[in-house]
Amino acid sequence: MGYHTELGGCGRCMKYTLFLVNFIIFIGGLLITALAVWALVDKVNYVTELTNNNMLTGTVYVMLVGGILTAFIAFLGCFGAAREIRCMLFTYFVAVLLLFIAILLAGIFGYVYREKFIDTLGQQMQNSLRLYREKPEYTEAWDFVQSRLHCCGVRGWRDWSGYFNEVPISCCRLMTDGRPIACNRYADSINQYNSYTEGCLQQTQMFLQKHAAILGGAGIAVAFVMLLGMILAISLFRIIR
């Protein structure tokens with residue numbers, strides 16, 4: 001089974017390097033998990049609801065599960081390297097290979113999403129605008145986006161007048177006792193001193209691109225460290241007899 005095999009100088013160097021790499025992977029797994037939790041707390045899923053594209057939300061959940069599993073597998077890899085157990089090193093190699101593929105693809109999808117959704121973002125947001133009062137998920141998503149990003153409508157507050165007689169209360173700026181003050185004057189007019197007048201398109205684009213770039217970059221970086229861990233694990237596996 002290769003338990004406590006006497007290693008030469010090169011083998012010992014490889015063993016301790018693998019231990020160090022696994023520690024870095026462990027930290028990377030925790031980092032990915034923390035970033036995925038941050039994205040969920042920051043309600044990325046609410047914002048993606050308006051784009052009719054759940055690729056980023058799916059990426060977040062893949063990162064969340066992958067980060068937890070990566071941290072756990074890296075811990076086992078440290079143990080296997082320290083104890084020089086061949087079967088554990090091989091199991092570690094297979095597990096990290098699968099996680100490497102999943103996290104690398106998630107990171108790539110994050111970057112692809114960062115660029116591809118821009119062309120259709122405005123139209124998708126406009127489509128969801130008219131469903132504001134028909135579907136609760138769009139109501140919650142628009143209210144969150146407008147109050148969180150300090151904006152109103154897709155390209156401006158007048159977008160709402162094409163479908164409703166007033167803008168949502170989430171377009172209103174000033175707060176009294178934690179509640180917004182109604183900012184509608186008439187069906188086609190608002191109090192511009194008490195409302196967000198700029199559209200949400202640009203802010204939404206920046207919000208999604210920021211999260212996609214951070215998650216994608218972290219995923220790709222950790223994946224390449226995992227690749228190094230796999231190379232060291234299989235090399236140490238071949239040395240241990």
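This is a predicted model: local features need pLDDT of at least 70, side-chain atom pairs count only at pLDDT 80 or more; totals for chains, interfaces and linings use all residues.
Residues are numbered from 1 along each chain as its sequence is written, and side-chain values use heavy atoms, with hydrogens and water left out.

The protein chain has seven helices and four strands; helices (H or I, at least four residues) and strands (E, at least two) are DSSP runs, numbered from the N terminus. Along the sequence, these elements follow the pattern α-α-α-α-α-α-β-β-β-β-α. Of the 241 residues in the protein chain, 46% are buried, where buried means under 20% relative accessible area, exposed over 50%, and partly exposed in between, with a 1.4 Å probe and protein chains only. Contact means heavy atoms within 4.5 Å. Among contacts between residues at least 6 apart in sequence, 76% join residues at least 24 apart.

Helix α6 covers residues 136-149, and its 14 residues should span 20 Å at 1.5 Å a residue; the end C-alpha atoms are 20 Å apart, which agrees. The expected span is 1.5 Å times one less than the number of residues. Within α6, the buried residues are Tyr138, Ala141, Trp142, Phe144, Val145, Gln146 and Leu149. An α-helix has 3.6 residues a turn, so residues three or four places apart point the same way. Just after α6, histidine 150 takes a positive phi of about 55 degrees.

The chain then reaches its cysteines. A disulfide is counted when a pair of cysteine sulfur atoms lies within 2.5 Å, and by this rule there are two disulfides. One of them joins cysteine 151 and cysteine 200, with sulfur atoms 2.0 Å apart. This pair links distant parts of the chain: cysteine 151 is in the loop between α6 and β1 (175-176), and cysteine 200 is in the loop between β4 (189-190) and α7, 49 residues apart. The torsion about the S-S bond of cysteine 151 and cysteine 200 is about 100 degrees, so the disulfide is right-handed. Cysteine 151 is buried, with a relative accessible area of 0%, and cysteine 200 also counts as buried, at 0% relative accessibility.

Cysteine 152 and cysteine 171 form a disulfide with sulfur atoms 2.1 Å apart. Both cysteines lie in the loop between α6 and β1, so the pair ties together parts that are 19 residues apart in sequence. A torsion of about 85 degrees about the S-S bond of cysteine 152 and cysteine 171 makes this disulfide right-handed. Both cysteine 152 and cysteine 171 are buried.

Glutamine 203 belongs to helix α7 (residues 201-239). Leaving aside residues up to four places away in sequence, glutamine 203 touches Leu149, His150, Cys151 and Glu198. Glutamine 203 and arginine 148 are 55 residues apart in sequence and 10.0 Å apart in space, C-alpha to C-alpha.

The surface remains to be described. The accessible surface of the protein chain comes to about 12,400 Å², of which 62% belongs to carbon and sulfur atoms; such areas come from the Shrake-Rupley method with a 1.4 Å probe, and for residues only the protein chains shown count as cover. A nonpolar patch of about 530 Å² is made by Met55, Leu97, Ile101, Leu105, Ile108, Phe109 and Val112. Patches are made of residues with over 30% relative accessible area and no salt bridge, with like charges joined within 9 Å and nonpolar side chains (Val, Leu, Ile, Met, Phe, Trp, Tyr) within 5 Å; a salt bridge is a side-chain nitrogen of Lys or Arg within 4 Å of a carboxyl oxygen of Asp or Glu. Helix α4 (residues 86-116) gives the most to the nonpolar patch, with six residues. Methionine 55 is found in helix α3 (residues 55-83) and counts as partly exposed at 33% relative accessibility.
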